[in-house]
Amino acid sequence: FFPFTNDIKEQDLYLVGKNFFITNDKKVRVLSQGTTDFLTYFNSFPVGKYKEYTILKEFKLFLDISEGRGILKLKVRRGKRIFILNTIEISSSININFEVSDFEEIDSLSIEYQAIEDSKIENLLFMTEDKTLRDIKLAICTTTFNREESVNKLSKNLASSKLKNIAHLFIINNGDEIKVEETPFISVIKN
């Protein structure tokens, strides 16, 4: 959940605040009296979208703190307004359980951490133990006109990657028949 650089433009998509920095091992150091706000594009949980488009019932927020002590503020966004749900003093990692049905007209949820002592944040996770109802697959489509060599190279590269377990490659050829080995992962369609 953290950027790989201290570039401010990139970093603002992940976290904002004062008196903090990203370490070389990709952890967040918050100095005493500093704050780090995770209610950002990449680190907030879009609970409103999950409520509207999925059947997710419960989820957890896990904040892994290995050093220090601070104040955790649970924050929600409704439109352009931000509200604080709860404030908790913490000195170690914390798990907080939520039910999606508890969030009415809420767009997203996240945290702000204010350090009482110099602190080290190892990770911030949103997770669920709800069962998966179906496997989600990615469809990759490519079109070609008699470029057999390029298509074979693409299919071999994708077939040897981790994508073959979660994706299906559709090759649409707008020319003569091409020789590509069709597998459960690859389909060739003559147009």
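Glu-129 counts as exposed, at 67% relative accessibility; here exposed means over 50% relative accessible area, buried under 20%, and partly exposed in between (1.4 Å probe, protein chains only). This is a predicted model, where local features need pLDDT of at least 70 and side-chain atom pairs count only at pLDDT 80 or more, while totals for chains, interfaces and linings use all residues. Residues are numbered from 1 along each chain as its sequence is written, and side-chain values use heavy atoms, leaving out hydrogens and water.

Back to Glu-129: its salt-bridge partner is Lys-60, with the closest N and O atoms 2.8 Å apart. (A salt bridge is a side-chain nitrogen of Lys or Arg within 4 Å of a carboxyl oxygen of Asp or Glu.) Lys-60 lies in strand E3 (residues 58-67) and Glu-129 in the loop between strand E8 (119-127) and E9, so the pair ties together parts 69 residues apart in sequence. Helices (H or I, at least four residues) and strands (E, at least two) are DSSP runs, numbered from the N terminus. Lys-60 is partly exposed, at 23%.

The structure holds 11 salt bridges. Now look at Glu-112, which is buried at 14% relative accessible area. Its side chain meets Lys-75 in a salt bridge (3.0 Å, N to O). That pair links Lys-75 in strand E4 with Glu-112 in strand E7, 37 residues apart, and Lys-75 is buried too. Glu-112 also forms a salt bridge with Lys-73, at 3.8 Å, N to O.

Next stop, helix H3. Which residues of H3 are buried? They are Val-151, Asn-152, Ser-155 and Leu-158. These cover an arc of only 135° around the axis, which puts them on the same side of H3, the arc being that of the directions from the helix axis to the C-beta atoms. The buried residues of H3 pack against strands E9 (138-144), E10 (167-173) and E11 (186-190), with contact meaning heavy atoms within 4.5 Å. Turned away from that buried side are the exposed Glu-149, Lys-153 and Lys-156.

Most residues other than glycine have a negative phi. Asn-19, not a glycine, has a positive phi of about 55° and sits in strand E1 (residues 16-22). Lys-26 likewise has a positive phi, about 65°, and belongs to the loop between E1 and E2.
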